[in-house]
Amino acid sequence: EYRILQPGGTVRWIHSRNFPVSDPDGTVNRVAGMAEDITDRRIAEDALRESEDRYRKLVEISPNAVLLHQDGKVIYANQALAGILGAGRPEDLIGKDVLDLVHPDYRAAVRANISRDLAGEMSPFTELQRIRKDGAAVLVEGQGVGTTIGGRPAVLVSITDITESCRAEQALRESGERYRTLAEASRDLIFVIGRNDCVEYVNSYSAEMLGISPDKIIGKERSSFFSGERDKLQSEELQRIFETGIPLHTESPMPFSGSLRWFDHYLM
């Protein structure tokens, strides 16, 4: 294969085949040749190589882990996956059984997803635990899709490490539960009021003071439980806090159970 330069400066690719032509006595006096213009094919091949190179580089630098497996064995892994699994290099994962990278409790679900991927279906995003090289488990979310490598079926998987985000969510839930427990045990009146002036939370002591169960308070307008001058002042104070974000501390009386009581109001 070689290139030729046409008079106008256009480059064309040529594929030629030459073979000897012998006389009856076996003497080679001639050479026969055939030449084929393969420019379009070479352009397509070059474009394909460039495309593959771009996508490979994109996968290599992707923060998401990428795994390609065929016949149950890992045939490609990017650096992000090696990092998640604690492998020194992506090459250290090549040839491993893909299920060996998955926590035993999740292998049945992964097998089912692989079967769906190979059947051409779209497997769902799945949360599961993968096993690091040191034996520790990491929580990831992944989804696979069927593809073809070398004319045989394979599965391409995109994986995101969600270990830290799950820990943060769990810590947030635990923190919220702790503060809820403190609020429920408090002998203060505690309300959470939304911008629409509706009650989003009320502690048990407040409901007891109002003589109404919490489920009959939450979702109702604050003004349903505070009236007159106190309602007007609260409305103004809440609006000021929504606008400025600055906490407010006041003292004022409120009627409860037929008597007038004085309260410190902390709005934040």
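**Serine 165.** I started with serine 165, which is partly exposed at a relative accessible area of 36%. My scale for this: buried is under 20% relative accessible area, exposed is over 50%, and partly exposed is in between, with a 1.4 Å probe and protein chains only. Serine 165 sits in helix H4, residues 163–185. For helices I take DSSP runs of H or I of at least four residues, for strands runs of E of at least two, both numbered from the N terminus. I also checked serine 165 against leucine 139: the two are 26 residues apart in sequence, and their C-alpha atoms are 9.6 Å apart in space.

**Ground rules.** I am working on a predicted model, where local features need pLDDT of at least 70 and side-chain atom pairs count only at pLDDT 80 or more, while totals for chains, interfaces and linings use all residues. Numbering runs from 1 along each chain as its sequence is written, and side-chain values use heavy atoms, with hydrogens and water left out.

**Serine 186.** Is serine 186 buried or exposed? I find it buried, with a relative accessible area of 16%. Serine 186 belongs to the loop between H4 and strand S9 (191–193). I skipped its neighbours within four places in sequence and found serine 186 in contact with Asn203 and Tyr205; contact means heavy atoms within 4.5 Å.

**Salt bridges.** How many salt bridges does a search of the whole structure find? I get 9, counting a side-chain nitrogen of Lys or Arg within 4 Å of a carboxyl oxygen of Asp or Glu.

- I looked at arginine 12 and aspartate 37, whose side chains form a salt bridge at 2.9 Å, N to O. Arginine 12 is in strand S2 (residues 11–22) and aspartate 37 in strand S3 (residues 28–37), so this pair ties together parts 25 residues apart in sequence. Arginine 12 is partly exposed at 23% relative accessible area, and aspartate 37 is partly exposed too, at 42%.
- Arginine 30 pairs with aspartate 23 in a salt bridge, and their closest N and O atoms are 2.9 Å apart. I have arginine 30 as partly exposed, at 49% relative accessible area.
- Lysine 216 and aspartate 215 make another salt bridge, with closest N and O atoms 3.6 Å apart. Lysine 216 comes out partly exposed at 47%, whereas aspartate 215 counts as exposed at 53%.
- I then noted a network: Glu1, Arg41 and Arg42 are joined by salt bridges that share partners.

**Overall build.** I count 6 helices and 12 strands in the protein.

Buried residues are 29% of the 268. I also looked at contacts between residues at least 6 apart in sequence: 30% of them join residues at least 24 apart.

**Charges.** Last entry: I compared the mean positions of the 33 positive and 42 negative charges, and they are 3 Å apart. Lys and Arg count as positive, Asp and Glu as negative, and I did not count His or the chain ends. Each charge is placed at NZ of Lys, CZ of Arg, CG of Asp or CD of Glu.
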